[in-house]
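I opened my notebook to look around a new protein. Here is what I looked up, entry by entry.

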Amino acid sequence: MDIFLIRLLQFMLAIGLLVLLHEGGHFFFAKLFGVKVDKFYLFFDPSIWKWDGSIFKWKPKNSDTQYGMGWLPLGGYCKIAGMIDESFDTEQMKQPEQPWEFRAKPAWQRLLIMIGGVLVNFLLALFIYSMILFHWGDTYVPVKNMTYGMKFNTEAKALGFQDGDILIGTEKGEFKEFSADLYRDLSEATRVDLIRDGKQMSLTLPGDLNLLGMLKAEPSFVRPLIPAEVDSVMADSPAAGIGLQQGDKIVAINDKPVDSYNEFVDQLGILEDMMTAAQTPADSLKIRTATIVYQRGETNDTVSVTLTPELKLGFFVKTVAGIYEPVTKEYGFFESFPAGIKYGWNVLAGYVGDMKYVFTADGAKSLGGFGAIGSLFPPMWDWYMFWKMTAFLSIILAFMNILPIPALDGGHVLFLLYEMITRRKPSETFMIRAEYVGFGILILLMVFANLNDILRWLGYM
């Protein structure tokens, strides 16, 4: 429960900040061009019975704008006078046009008002990335320094990779760290450079590997090889019961040789698959009873152990950062801005490039809602990860909002560009109908994404 609350608080704080600043971008340009803003709300405020849906509201003296917070945390809105938006206030549009209304302003001013939110979110992400680099620097383990090499799955080995290969880079450049970018580069590469048995060599790749398939594969296409060496043992665990100690190495489980912690985890995964077919407690107990061979010094010991119901032995190994010495590149205040801009741009380019997978069956299943987004935050409060995730969500919010879908900023921008090119405004009837269609599409996408979360939680996906 504590982990859930910590993630929820981080998620709500990040989304609240991003929504406020996004709507603030619209608000800024509206006020700049003398457009009246009727309401500025964090979260939506649909009325319930006799309640208007506002948790609180406030209208400053001599102000046209009512500020408040709604009860439905699905975003926020800035209700701009004389504009067809998600409020569907058609009565206002039936009144004579006023000079302080959105519809009375030149198209270029309306365009800036509409892109204000996206512009703020994009600039905010670049600013946060810059400040992250200034405050924390860029800390990572270079892939070429991972001297134990990598662990590959069957698909990767069919392409010529071998366990223990130390990856260097592709024709696109040297790998920096083990991340989604490494997968992305491998999926697009026609050549990969690596070190095998102390000698540098290259492999030929097809150049069109399925990135989503590589990421979703079990076991993964490629992972850093982690030695199966015990670093610490959980108290009162099966590992403690058989006397495992720091420095012991697991060399086999159920007569299956183990060359790494990766392989040990894969073998536990096989047991998990077997557990789904167990019909009686006796069947489950039989699966949980494993034979472990571990090495201490020069001696191998074989023991029988009953794993936990979750099929855990109860020991920890060192992480990648614990095995290898991370490097940190520090940035001065002014140096951080070009570096942050480059980092943010690479994040956006990678995200946009991966959008093609959304239109595949596996990609659609990978869509996630609020639960999936919330789970990206760490289980313990970590300001570094909080700001990194906030910047990432800010870029996503900017990109998603600029998509040419009615009811999103991008839909309004599309119609404004049409008006600027043809010198004709789309009719108000058309705009209202488009808004309804766009809003319906967004609701369906939201339901679909959150349904995926529920199905994953129930174990059906």
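**Entry 1: the cavity.** Which element gives the largest share of the lining of the largest cavity? I found that H3 does, with 3 residues. I noted first that this is a predicted model, where local features need pLDDT of at least 70 and side-chain atom pairs count only at pLDDT 80 or more, while totals for chains, interfaces and linings use all residues. Residues are numbered from 1 along each chain as its sequence is written, and side-chain values use heavy atoms, with hydrogens and water left out.

I then listed the lining: Tyr-129, Ile-132, Leu-133, Gly-137, Asp-138, Tyr-343, Tyr-384 and Lys-388. Helix H3 (107-136) and helix H14 (383-401) each supply at least two residues of that lining. The volume of this largest cavity is about 70 Å³, and the structure holds 1 cavity of 30 Å³ or more.

My note on terms: on a 1 Å grid over the protein atoms alone, a cavity is a set of points where a 1.4 Å probe fits but cannot get out, and a pocket is an open set with protein on both sides within 12 Å along at least five of seven lines; lining residues have an atom within 4 Å of a point. Grid points are joined across faces, edges and corners, and a volume is the space filled by probe spheres set on the points.

**Entry 2: a pocket.** Next I turned to the second largest pocket, which holds about 670 Å³ of space. I saw that 30 residues line this pocket, and Asn-262, Val-265, Asp-266, Gln-267 and Gly-269 lie nearest its centre. Helix H8 brings the largest share of the lining, 12 residues. Among the elements that supply at least two residues each are strand S6 (150-152) and helix H4 (154-158).

Entry 3: Is Ser-187 buried or exposed? I read that Ser-187 is buried, because its relative accessible area is 3% (buried means under 20%, exposed over 50%, partly exposed in between, with a 1.4 Å probe and protein chains only). Ser-187 sits in helix H5 (residues 180-188). Leaving aside residues up to four places away in sequence, I found Ser-187 touching Gly-207, Asp-208, Leu-209, Leu-211 and Met-214 (contact means heavy atoms within 4.5 Å).

**Entry 4: the whole protein.** Last, I stepped back and counted 16 helices and 18 strands (DSSP runs of H or I, at least four residues, and of E, at least two, numbered from the N terminus). Of the 461 residues, 42% count as buried.
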